Amino acid sequence: MTAMIAPVAWVCPVFGLGPLGHPPGVSHYLVVGAILFVCGVVCMATKRNALGVLMGIELVLNGANVNFVAFASPWLQADGARSIGLDGQAIAVFVIVLAAAEAAVALAITLNFYNNHATVDVDRADDLKG
Amino acid sequence: MIGAAVAVASTSCLGAVVPPLAVLDWHAVFFMLFAAAACGCALAVVLADNVVRMAFYLVLSLGATAGLFFLAGAEFVGAMQLMIYVGGTLVLLVFGVMLTAQAPFVSIKTSAGEKAVAGLLGGALLTLLLVAALSVEPWRRPGSVGPTEPSATPLGMALVGVRVDEPPAGSPAVGRSGYLLPFEIISVHLLVVLVAAAYLARAKRRKTPRPVEMVASVEPPVSVAEHAAIGREAPAGAPARSGSVLVGGGS
């Protein structure tokens, strides 16, 4: 009986029905990070606008950042669980800076492509196709 | 038995939907608020076709994620997220959208088959990640961790190579070094990348005028004979007027 209730009791906090009396745990943050990551991957795969692909990359990096911050947080750990301490926050800051650099270069490439081909459709970028 | 389990679970959930205000955990309430905003806007980024709306939803999603960082006790990372991501990167992205937002490119449709395949694969990936995420130890025991000191000072000191924070309980690393080397590497990396981006995206001085300018500079022909003469009268430096806008864009 309890084995059958357990998954339902798991799902309810995730979808926001039950947990308003309890502080959120690290797995809640991981769920948010997973959703952001999958949204970014699908966005990268389906968008034909080059800037849409860029936005998908930003979402993926952001989902990874949520995980880093959650594991680094001293607030979210259960008793006995280890936090990775300051490392997670430092890595998150580095990821933010790297995302800024990546966005700058990718945007420059996109503008160059737009100047040369008069389009931002990634399906038209087939100059190297054999 | 299944019905009993569902009934028990649903009553426990429904009982918590409208809790008395005193037992409401505001940390959880704000977490749900920011999490719903982040996930919903990320989903809207995927589902929107218009690239301007995608940029707007992305701003909302990243801002809500900054709220999640604040709730997790990482206020410095949250502030950096707001300042660098929302204030810098997305402004850059919006400028890119504005520079390339010609009418045919604002909304480029994806075929339904590709969307279906992507949704299937995304659903599979989401299932995998959710199973992994939910297998992590769920709850913080209430009151197990008191208010902690702000993390901005230890993080800033660690970035210049001095660790002033206490290592987490049970961690083997006692005499840990800071992040001075990664900090320097990422600084030089950022400098190189920004110089390269400015070089890549610079306004090029063209030897030949752009196709659009060439078309605009040619006077409309009055007669058929003049129209036929346009190609022959072109100066030696500039190529003859081409029928395709795709030609002549090289540096």
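Read from the N terminus, its elements follow the order α-α-α-α. The chain has 130 residues, and 56% of them count as buried. Among contacts in chain A with a separation of 6 or more, 51% are made by residues 24 or more positions apart. Confidence in this chain averages a pLDDT of 80, with 78% of the residues scoring at least 70. Residues 1-17 of chain A, however, have a pLDDT below 50, although the model gives this stretch 23 contacts beyond near neighbours in sequence. Where pLDDT is low, the predicted coordinates should not be read in detail.

Attention now turns to the core. The largest nonpolar core comprises 81 residues, and B:Val45 and B:Leu68 have the most contacts inside it. Both chains take part: at least two residues each come from helices H2 (26-46), H3 (50-72) and H4 (86-117) of chain A, and from helices H2 (26-47), H3 (51-71), H4 (75-100) and H7 (152-159) of chain B. The element that gives the most to this core is H4(A), with 15 residues. As a general background, nonpolar side chains in soluble globular proteins tend to be buried together.

Apart from neighbours within four places in sequence, B:Leu68 is in contact with A:Tyr29, A:Val32 and A:Val66 from chain A, and with B:Phe34, B:Ala35 and B:Ala38 from chain B.

B:Leu68 also belongs to the contact between H3(A) and H3(B). Two packed helices are described by the angle between their axes and the distance between the axes. For H3(A) and H3(B), the angle is about 10° and the axes lie 11 Å apart. Angles under 35 degrees count as roughly parallel, so H3(A) and H3(B) are roughly parallel to each other. On the H3(A) side, the contact includes A:Leu51, A:Met55, A:Glu58 and A:Val66, while the H3(B) side includes B:Val51, B:Leu58, B:Thr65 and B:Phe69. By type, the residues of this contact are 11 nonpolar, 3 polar and 1 charged.

A contrasting position is B:Gln102, in the loop between H4 and helix H5 (103-106) of chain B. B:Gln102 counts as exposed because it has 11 C-beta neighbours inside 10 Å, and the cut-off for exposed is 12 or fewer. From B:Gln102 to B:Arg202, the separation is 100 residues in sequence and 20 Å in space, C-alpha to C-alpha.

Technical notes. Residues numbered from 1 in each chain as written. Chains lettered and ligands numbered in written order. Core = buried A, V, L, I, M, F, W, Y, C linked by C-beta atoms within 7 Å. Buried ≥ 20, exposed ≤ 12 C-beta atoms within 10 Å, placed from the backbone. Helix = DSSP H or I, 4+ residues; strand = E, 2+ residues; numbered from the N terminus. Contact = placed C-beta atoms within 7 Å. Axes fitted to C-alpha atoms, helices over the stretch in contact; angles between N-to-C directions. Parallel < 35°, antiparallel > 145°, perpendicular 65-115°, else oblique. Nonpolar A, V, L, I, M, F, W, Y, C, P; charged D, E, K, R; others polar. pLDDT = per-residue confidence, 0-100.
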